[in-house]
Amino acid sequence: MTLLSVEGLTIDLPGRQPGLVEDVSFQVSKGRCTALIGESGCGKTLTSMSILGLLPAAVRVTAGAVWFDGVDLLSCTPRQLRRIRGGPVGMVFQEPMSSLNPTMTVGDQIAEARRLHLGERRGVALARARDLLERVGIPNAARRIGAYPHEMSGGMQQRVMIAAAIACEPRLVIADEPTTALDVTIQAEILALLRDLQRDLDLAVLLVTHDLGVVADFCDEVVVMYAGHIAERTTVDRLFYDPGHPYSSALLAAVPQSGQARSRLTVIPGRVPSAGGFPAGCRFEPRCAHAVEPHCREPQPDAPLGEGHRTRCGRVASGDLTLKGAVRG
Ligand SMILES: Nc1ncnc2c1ncn2[C@@H]1O[C@H](COP(=O)(O)OP(=O)(O)O)[C@@H](O)[C@H]1O
Ligand SMILES: [Mg+2]
């Protein structure tokens, strides 16, 4: 069952830059995890922030729709959105300190959410906050509810952020690169925690990541973004075994295989163009190892490639090009 549906989403910088994100459509199903991947600057954060009305001030959604559980989120008032954020939809950001309140104890922050969204009394809410800190693996939870965010390590802060995100029994959690700011060993712990919570609480998750290992371990569906467009949309298995866009296969080739020397790593040559500098044809064409003229100098429509699989590569869609997958390790 579809819980979140993003349909034809277009995000502009009005008067300055149209099409930062253009015609983006995807779904997140109940209890499943959809990954949003792509290099830096492809539009992942704008897409995920637009869902709950958290775009930067100058940036606007100019077309499309976002449906969550039958509610048209783009038509909600700021007040209605505040009831959804931290309630039925939890959010985890890259930088925990940017979203935790530095002047409130972590226990009070979580309890506040329960009071606001569920109408609990302070004592009840604080007891629940302690349970939640325990659930996310914070030692001495009874004592730590009285701590301030700055008294905690980055990994512990991110656990608090996750506790806050799940505090009001959400059905969907949106997590934008939740481990990028953390040490590698801590990253693995936080992801394992998110995965456990997803299973235990039957959460739908939209996970923004640039780590294909995380996608393989954690996610069911995947949306590959390139230069403000969706390049490919498919299941995680299909992506790894039978990718449908040259950008996806280039990302797969760039993943270090165990035992492979670093110098032999394939890196995609060139860089993501910024809005305003998008090629008129396929946006990936200048960097694509499979580009042919004149075909790829034309805009590529988003085309079906089988059940639940879509690509913006006309060569793959027409059967003219078959790509190599990667073996999952
Ligand atoms: N507040 C903003 N004002 C203008 N341009 C922005 C703003 N935020 C992001 N952008 C531009 O939109 C594009 C997509 O950004 P973003 O969604 O942050 O990418 P990602 O999360 O995939 O790295 C980038 O080219 C970025 O420069
Ligand atoms: Mg981002």
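How much area is buried between domain 1 and domain 2? About 830 Å² is buried between these two domains, and carbon and sulfur atoms give 56% of that area. Buried area here is the accessible area (1.4 Å probe) that two parts lose on being put together, summed over both.

Before we go on, a word on the ground rules. This is a predicted model, in which local features need pLDDT of at least 70 and side-chain atom pairs count only at pLDDT 80 or more, while totals for chains, interfaces and linings use all residues. Residues are numbered from 1 along each chain as its sequence is written, chains are lettered from A and ligands numbered from 1 in the order in which they are written, and side-chain values use heavy atoms, with hydrogens and water left out.

- Contact (heavy atoms within 4.5 Å) involves 12 residues of domain 1 and 12 residues of domain 2.
- The size of an interface is often given as the accessible area lost when the parts come together.
- For domain 1 and domain 2, that area is about 830 Å².
- Gln17, Glu39 and Leu212 supply 52% of the area that domain 1 buries against domain 2, more than any other three residues.

- Glu39 pairs with Arg287 in a salt bridge, and their closest N and O atoms are 3.0 Å apart.
- The interface of domain 1 and domain 2 also has 3 residue pairs in polar contact, both residues at pLDDT 80 or more. A polar contact is a pair of N or O atoms within 3.5 Å; within protein, one must be able to donate a hydrogen and the other to accept it, and residues adjacent in sequence count only if both atoms are side-chain atoms.
- On the side of domain 1 that touches domain 2, strand S2 (residues 17-29) gives the largest share, with 5 residues. Helices (H or I, at least four residues) and strands (E, at least two) are DSSP runs, numbered from the N terminus.
- The residues on that side of domain 1 divide into 4 nonpolar, 5 polar and 3 charged. Here Ala, Val, Leu, Ile, Met, Phe, Trp, Tyr, Cys and Pro count as nonpolar, Asp, Glu, Lys and Arg as charged, and the others, Gly among them, as polar.

**Salt bridges to look at**

- The count by this rule comes to 19 salt bridges.
- One of them joins the side chains of Asp23 and Arg312, at 3.6 Å from N to O. Asp23 lies in strand S2 and Arg312 in the loop between strand S12 (310-311) and helix H12 (314-317), so this pair ties together parts that are 289 residues apart in sequence.
- Arg312 is buried, at 12% relative accessible area, whereas Asp23 is partly exposed at 40%. Buried means under 20% relative accessible area, exposed over 50%, and partly exposed in between (1.4 Å probe, protein chains only).
- Lys30 and Asp202 meet through their side chains in a salt bridge of 3.0 Å, N to O. Lys30 sits in the loop between S2 and strand S3 (33-37) and Asp202 in the loop between helix H8 (184-201) and strand S8 (204-208), 172 residues apart.
- Both partners are partly exposed, Lys30 at 39% and Asp202 at 40%.
- Asp108 and Arg122 form a salt bridge with their closest N and O atoms 2.9 Å apart. Asp108 is in helix H4 (residues 106-118) and Arg122 in helix H5 (residues 122-135), so the pair ties together parts 14 residues apart in sequence.
- Arg32, Asp220 and Glu221 are joined into one network by salt bridges that share partners.

**Backbone details to check**

- The peptide bond from Glu293 to Pro294 is cis, with omega near -5°. Pro294 lies in the loop between helix H11 (246-253) and strand S11 (303-304).
- Asp23 is not a glycine, yet its phi is positive, at about 55°.
- Glu177, also a residue other than glycine, has a positive phi near 45°. Glu177 is placed in the loop between strand S7 (172-176) and H8, and counts as buried at 11% relative accessibility.

Methods. A salt bridge is a side-chain nitrogen of Lys or Arg within 4 Å of a carboxyl oxygen of Asp or Glu.
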